[in-house]
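Student: I would like to go through this model by its core, its pocket and its cavity. Please take the questions one at a time.

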Amino acid sequence: MTAGAVFHDDAGELSALRARLAYFPRDIWLYKLAAQWGRIAEERAYVGRAGDVGDELGSRVIATRMVGNIMRLAMLIERRYAPYPKWFGTAFSRLACASDLAPLLEQVLAARTWRERESALVEACRFVAELQISRGIPGAIAPVIGSLKDRPYRFVDSVKIFDAIRAAIKDEDLRLLPEFGGADQFLNSNFVLAVPTYASAATGALLDTTSRKPAG
């Protein structure tokens, strides 16, 4: 709807619709940005923790997932919709930041040890955090390198970035929503995401579940 070629639009109706749907409204955009940092926060130390017990394969799997999350974050920062997975890498490569960010992500995927992998992830997260500041995104703050108490795992403190961006949301209802974001952020079944009624039902069910107060 927003990126396909338009060959004929005499009435201007299609162009007007494309302009309306060009990107998410400000607060929804910030909500999804914050949620994406939350996705990164969920596994921020797992690359190191898996590798530290000798599970290099598991560490690679987690790192690969983190790379995908960072790519999605970059698309949000540049206000570009993330397409179907088949075209995701192509869309990412067209971002203005891709020439600088892609080599960092390739280092993550090519790393032979969890420490190399973790170090590359820190640099990639630092890059996108600083990119947010340069783009003037509301709530963007300087990245802080954190760790888990006395454990040897390093990461950009994505929770702090999550909190800062979420605080910049003006709409109170959006600010109160759970942190899991849009359907495309907590679902990865292409079958579900490709059918609006399925994605809507999954989101509605999840929101209904989180709104219930625990018994007792």
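**Core, pocket and cavity**

Student: Which residues is W37 in contact with, leaving aside its neighbours within four places in sequence?

Tutor: The model is predicted. W37 is among the residues with the most contacts inside the largest nonpolar core. Leaving aside neighbours within four places in sequence, its contacts are L73, C125, V128, A129, Q132, S158, I161, F162 and I165.

Student: Which element gives the largest share of the largest nonpolar core?

Tutor: This core has 49 residues. The elements giving two or more residues to the core are α2 (26-42), α3 (46-52), α4 (56-77), α5 (85-93), α6 (98-110), α7 (114-134) and α8 (158-167). The largest share is 11 residues, and the element that gives it is α4.

Student: Which residues that line the largest pocket are the closest to its centre?

Tutor: The largest pocket has a volume of about 1700 Å³. Its lining is made of 48 residues, and the closest to the pocket centre are R72, Y81, A82, P83 and D184.

Student: Which element supplies the largest share of the lining of the largest pocket?

Tutor: Two or more lining residues come from each of α2, α4, α5, α10 (183-186), α11 (190-193) and α12 (196-211). The largest share of the pocket lining is 6 residues, and it comes from α4.

Student: Is T197 buried or exposed?

Tutor: T197 is found in helix α12. Its relative accessible area is 56%. Because the cut-off for this class is over 50%, T197 counts as exposed.

Student: What distance separates the C-alpha atoms of T197 and E78?

Tutor: T197 and E78 are 119 residues apart along the chain. The separation of their C-alpha atoms is 28 Å.

Student: What is the volume of the largest cavity?

Tutor: The structure holds 1 cavity of 30 Å³ or more. The volume of the largest cavity is about 90 Å³.

Student: Which element supplies the largest share of the lining of the largest cavity?

Tutor: The lining residues are I40, R44, V47, M66, E118, L121, V122, C125, R154, F155, V156 and S158. At least two of the lining residues are supplied by each of α7 and β2 (154-156). The largest share is 4 residues, and it comes from α7.

Key:
Residues numbered from 1 in each chain as written. Predicted model: local features only at pLDDT ≥ 70, side-chain atom pairs only at ≥ 80, totals over all residues. Heavy atoms only, no water. Core = buried A, V, L, I, M, F, W, Y, C linked by side-chain atoms within 4.5 Å. Buried < 20%, exposed > 50% of the residue type's maximum accessible area, 1.4 Å probe, protein only. Contact = heavy atoms within 4.5 Å. 1 Å grid on protein atoms, 1.4 Å probe; cavity = no way out; pocket = protein on both sides within 12 Å on 5 of 7 lines; lining within 4 Å. Points joined across faces, edges and corners; volume = space filled by probe spheres on them.
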